[in-house]
Amino acid sequence: MGSLILCHNKKASQPYKITRIHRKIYTIEELCYYLCNNLYLIDYTIMNEKICEWLYSELDMRELAGELLDLIQKKGTIEQFVLRILEHARIYSEPEMEHIRNVLDRLKDQKEIERRKYKADNLLESGEYESAILVYLSILQDERDESAGERFYGKVYGCLGAAYGRELLYEQAASMYRQAYEICRDETMLTAYIYACSRYMQEDEYRKLLEENPSYSRTADRVEQMIEEKESGMKEEAAPEILEKWKHQYRRYL
């Protein structure tokens, strides 16, 4: 949301406190910035009378405060609540607002852990690989959500492998792809695993891996053939882009 423009002069004397992240908000711009950068994590706690009172008394936004109170009383949705604030503030362009609406619509029926993965997926797609890695790792390191299912975690491992691959961290990528394959048993993940291994292992170590796992042989042959084709005069595709292509194939399969 890079085109946010400061267009409201009022600053609160007493901030609105978002206790879950220890954040103090002083202006409508700061509130909108917080909402837009945390769409993936917003929950029912943002929809409360306290924020309405703060908007009314501290920022003199009486009309907005009244509309939000009405939404609460009519048991409106969190998405409606957030959009009402952003639309009233008028500090984002219509294309940006449309993007926000699409994200909220995509997230409305998801669990928190699914929202976190969606955030990481978007970071990965936009090229923010290090940030994506941190979010994927946080999902894997937190207490397991059994309701999400084992396959969900397999997807996280696969996407984390892709993120590591884009950073040329092939050993870490291989480890993640292996775990994704063990969970999902998807051939694309096995292909990506073997390719990543071929990128970081010494030749004798790589050959030993294939000897100890005869079931890998056909996949390894495909990987080697693909690499040879790239090196034989066809337009060369950078190694990270190969992993990226497999990642997209994997996500379509899921």
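This is a predicted model: local features need pLDDT of at least 70, side-chain atom pairs count only at pLDDT 80 or more; totals for chains, interfaces and linings use all residues.
Buried means under 20% relative accessible area, exposed over 50%, and partly exposed in between, computed with a 1.4 Å probe on protein chains only. Residues are numbered from 1 along each chain as its sequence is written, and side-chain values use heavy atoms, with hydrogens and water left out.

**Stop 1: helix H1**

Select H1, residues 28-36. Seven of its nine residues are buried, so the helix is mostly covered. The buried positions are Ile28, Glu29, Leu31, Cys32, Tyr34, Leu35 and Cys36. Display next the elements that cover them, which include strand S1 (16-18), strand S2 (23-25), H2, H3, H4 and helix H5 (94-107).

**Stop 2: the loop between H1 and H2**

Move on to asparagine 48, in the loop between H1 and helix H2 (49-58). Asparagine 48 is buried, with a relative accessible area of 18%. Its side chain and that of tyrosine 16 are joined by a polar contact of 3.2 Å. A polar contact is a pair of N or O atoms within 3.5 Å; within protein, one must be able to donate a hydrogen and the other to accept it, and residues adjacent in sequence count only if both atoms are side-chain atoms. A polar atom of the asparagine 48 side chain also lies 2.8 Å from the backbone oxygen of threonine 45. Leaving aside residues up to four places away in sequence, asparagine 48 touches Tyr16, Ile72 and Phe81, where contact means heavy atoms within 4.5 Å.

Tyrosine 44 sits in the loop between H1 and H2 as well. Tyrosine 44 is exposed, at 62% relative accessible area.

**Stop 3: helices H3 and H4**

Select H3 (residues 62-73) and H4 (residues 78-89) together. Their axes lie 10 Å apart and the helices pack at an angle of about 170 degrees, which makes H3 roughly antiparallel to H4. Axes are lines fitted to C-alpha atoms, for helices over the stretch in contact, and angles run from 0 to 180 degrees between N-to-C directions. Angles under 35 degrees count as roughly parallel, over 145 as roughly antiparallel, 65 to 115 as roughly perpendicular and the rest as oblique.

**Stop 4: salt bridges**

A salt bridge is a side-chain nitrogen of Lys or Arg within 4 Å of a carboxyl oxygen of Asp or Glu. The structure holds 15 of them. One joins glutamate 67 to arginine 84, with the closest N and O atoms 3.8 Å apart. This pair links distant parts of the chain, H3 and H4, across 17 residues. Both partners are partly exposed, glutamate 67 at 24% relative accessibility and arginine 84 at 28%.

Lysine 74 and aspartate 70 form another salt bridge, 3.2 Å from N to O. Here lysine 74 is exposed at 61%, whereas aspartate 70 is partly exposed at 32%. Select Glu87, Glu94, Glu98 and Arg101 next, which are linked in a network of salt bridges.

In helix H9 (residues 170-184), arginine 178 and glutamate 182 are four residues apart and therefore separated by about one helical turn. Their salt bridge has its closest N and O atoms 3.0 Å apart.

**Stop 5: the nonpolar cores**

A nonpolar core is a set of buried Ala, Val, Leu, Ile, Met, Phe, Trp, Tyr and Cys residues joined through side-chain atoms within 4.5 Å. Which members of the largest core touch the most other members? Of its 43 residues, Tyr136, Tyr193 and Ile194 do. At least two residues come from each of several helices, including helix H6 (112-125), helix H7 (129-141) and helix H10 (187-200). H8 gives the most, with nine residues.

Centre the view on tyrosine 193, which touches Ala174, Tyr177, Arg178, Leu209 and Tyr216, not counting residues up to four places away in sequence. Apart from this core lies another, of 39 residues, among them Tyr16, Leu31, Val82 and Ile100.
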